[in-house]
Amino acid sequence: MSKGATLRDGVGGATTPPFATRRWALLAMSVGVFCIQLDSFGLNLALPQIGRDLHAGGDGLQWVISAYLLSTGTLMLGAGRLGDLFGRRRLLVAGLAVFGAASLICALAPTLPVLVGARVAQGAGAAMIMPVGLSLLTNVYPAELRGRATGWALGIGGIATACGPFIGGALTESVSWRAVFWLNVPLAVLGAVCASRTAESYDTSAPRSVDWSGLAGATAALAALCVVIDRGPRWPWPAALTGVTVAAALLILFVRRERAAAHPLVELSLFRNGPYMALTLAGAAANTTTVMFLFVVPLTLQGQWDLSVVLAGTMFLAPALAMALAGPLAGRVPPWAAVRLMVGCLCGGALVLACLTRTSSLTLYVAVATVGGAVLGAANSLTLIATQAVIRPERAGEASGVTKTVITVTAGLGVGLAGAVTDQDRGVGSEAAADTALLITASGCLAVCVVLAVWSRLREGMVRAESGESEG
């Protein structure tokens, strides 16, 4: 298949592209995920220096992080379906181009408002890269290989996720916080070149018409929800309650619109797919737990044990490596075992968080954190791999967009809770607050485990009953 060839999916089947085409898609996705995750976690330790350089301070600095996350979470759902309709390769190239251009503006930003605006644009690029890249891999790789391919891409992203704070911290100390953004520019160019060399892929089972009302409704509802999650805890309760009400009303209007639409942005039948919803719920819990883990462990290494940023980063290499290696391993898990393994991963994650609150030895703390990195890395990768295995490939972008939206928005809860463990003056962890936050997160994980375990048993019983009736 040539560079300009088109891979069609939907009614009539799909043509499997050659190895070279698949390899370019994997490289593009890997580079894109690395950039996205680096910019999600790479600036946390750089905020004080950004404030000094741009003569800004107070709550305004937090928008450097929030603007990126809010933009990404708000736009992913629509971007995934647009890739299905108009070409996954095309949108992946566009997403990498937008991300790279926005990174350049961030690197040159003279004021905080310019930086925040460019971060919003970065989030828009990220919103195209992640769901569209996942759906592209789903459609260019045969069923027996796509899990492993996605696992490798997510594993590379896991390196940036785990090491992001220290990459950003090291670059800030040795060069400048602007170097984090300069690093993105050549990587985004590389990713776009790789993406342009893969096959085009789109959904041929639906007309190329966009449910613009649904897209606007979904974007407005998600924007309201993201802002409430991110900023609501700082508001007086009447304002927070009003925000929740507005977000709920917009979500209800969106659902009503999708029910009436001839070609909806999101097929509501997706939410009746039991395995898909179970995995997405588990992924939301796993991602929230991971955010807490990535905030608390590095800060505790610096606070409780008084390690420097560089030494704490060195100690965190083992958990980071475990998290990265878990991605490819998760890609080998068969779809039928995914829900059970997710339950195990969440239970393991809850146990690790609880153990971290009781560990008094630095060596043991790092060992427990390494186990936690492996468990949470597997859970996050498995979410995105397994959900793609239980839906129709032609709507892979839609499904990945919904999944990524859910886990990104719920991760905002983890960011808010993690803020309670940060000493704003010293940038290190408060031990008591960290322990409380970890125990709250562990309790949430266990609650989700119970729900998933009960659902899994009930579903197995229903399957056996249906099988017995058919045999009778």
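Helices here are DSSP runs of H or I with at least four residues, numbered from the N terminus. The model is a predicted one, in which local features need pLDDT of at least 70, side-chain atom pairs count only at pLDDT 80 or more, and totals for chains, interfaces and linings use all residues. Residues are numbered from 1 along each chain as its sequence is written, and side-chain values use heavy atoms, with hydrogens and water left out.

View A. At least two lining residues come from each of α1 (19-41), α3 (63-86), α6 (143-174), α8 (212-231), α10 (274-303), α14 (362-389) and α15 (396-419). With 8 residues, α3 gives the largest share.

**View B. The centre of the largest cavity.** Of the 41 lining residues, Gln 37, Phe 41, Asn 287, Lys 404 and Thr 408 lie nearest the centre.

**View C. His 55 in its loop.** Look between α2 (47-53) and α3 for His 55, whose phi is near 55 degrees, a positive value in a residue other than glycine. Most residues other than glycine have a negative phi.

**View D. Gly 232 and its neighbours.** Gly 232 sits in the loop between α8 and α9 (237-260). Val 227 and Ala 240 touch Gly 232, leaving aside residues up to four places away in sequence; contact means heavy atoms within 4.5 Å.

Methods: 1 Å grid on protein atoms, 1.4 Å probe; cavity = no way out; pocket = protein on both sides within 12 Å on 5 of 7 lines; lining within 4 Å.
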